[in-house]
Amino acid sequence: MLYTITLYIHILSAIVSMGPLFAIFPLLKRMNDATADQVSGYIQSIQGILRAIANGGHVVVPSGLLLIWLSGWSWKASWVILTFVVMFASLFFMARAFKPAMTYAKSDGFVKETFISMIKSATWKYIALMSILLWLMIVKPNFW
C-alpha cells in the first residue's frame, strides 16, 4: 500500500514538474501580439509556471528515492544512475536557461522577441530533458 501511494505521488509530481511547460507556448504566442503594457503580465505568468515546475521537482525527487528503496531496485542499476545524472543536469539547465531569460525580462534593453526566443528555446530543451527522465523511469533500460 505504501508503495502504491508513493508511486501515485511520484507520478502526480512528475506531471506537475513537466505539464506546465506546455502552457508556456500559448502564453508566448499571445505575448508576441501583446502591447508593451501587457507584456509584464505574461512574464509573471511564465515565472509562475517555472515556480510550479520547480516545486513539483521538490516532491518528485524524494518520492522517487523512496520508490527505489521500497521496490528493491539496486542503486547501481544503470537506469537509476542515469536518471540521477540527467536529473542533476536538468537542475543546472533550468537555472542556466530560464534564470537569464527572466533576468533579461527585467533589463533596460528588453526586447520582447528576444525574450520569447530565449524562453521558447529553453522550454523545448527542458522538455527534451524531462522526456529522457520519463523514458528512463518508465522503460528502466539496462545499459550495463
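Predicted model: local features only at pLDDT ≥ 70, side-chain atom pairs only at ≥ 80, totals over all residues.
User: How many residues does H3 have, and what does it reach from its first C-alpha to its last?

Analyst: H3 covers residues 36-71, which is 36 residues, and it reaches 52 Å from the first C-alpha to the last, close to the 52 Å expected at 1.5 Å a residue.

User: How should I read the packing of two helices, and at what angle do the axes of H2 and H3 cross?

Analyst: As a general idea, two packed helices are described by the angle between their axes and by the distance between those axes. Here the axes of helix H2, residues 21-32, and H3 come within 10 Å and cross at roughly 175 degrees. Angles over 145 degrees count as roughly antiparallel, and therefore H2 is roughly antiparallel to H3.

User: Which residues make that contact between H2 and H3?

Analyst: A helix has a pattern that helps in reading such a list: an α-helix has 3.6 residues a turn, so residues three or four places apart point the same way. From H2 the contact is made by Leu21, Ala23, Ile24, Leu27, Leu28, Arg30 and Met31, while H3 brings Val39, Tyr42, Ile43, Ser45, Ile46, Ile49, Leu50 and Ile53. Sorted by class, this contact of H2 with H3 has 13 nonpolar residues, one polar and one charged.

User: Turning to the pockets, what space lies in the largest pocket, and which residues lie nearest its centre?

Analyst: About 710 Å³ of space lies in the largest pocket. Its lining has 34 residues, of which His10, Val60, Gly64, Thr83 and Met137 lie nearest the centre.

User: Which helices supply at least two residues of that lining, and which gives the most?

Analyst: Helix H1 (2-18), H3, helix H4 (78-105) and helix H5 (112-139) each supply at least two residues of the lining of the largest pocket, and H3 gives the most, with eleven residues. By class, the residues of this lining divide into 25 nonpolar, eight polar and one charged.

User: What is the volume of the second largest pocket, and which residues line it?

Analyst: The second largest pocket has a volume of about 200 Å³, and its lining residues include Gln47, Leu50, Arg51 and Ala54, along with Met94, Phe98 and Lys106. H3 and H4 each supply at least two residues of that lining, with H4 giving the most, six residues. The residues of this lining divide into six nonpolar, two polar and three charged.

Technical notes:
Residues numbered from 1 in each chain as written. Heavy atoms only, no water. Helix = DSSP H or I, 4+ residues; strand = E, 2+ residues; numbered from the N terminus. Expected span 1.5 Å × (residues − 1). Axes fitted to C-alpha atoms, helices over the stretch in contact; angles between N-to-C directions. Parallel < 35°, antiparallel > 145°, perpendicular 65-115°, else oblique. Contact = heavy atoms within 4.5 Å. Nonpolar A, V, L, I, M, F, W, Y, C, P; charged D, E, K, R; others polar. 1 Å grid on protein atoms, 1.4 Å probe; cavity = no way out; pocket = protein on both sides within 12 Å on 5 of 7 lines; lining within 4 Å. Points joined across faces, edges and corners; volume = space filled by probe spheres on them.
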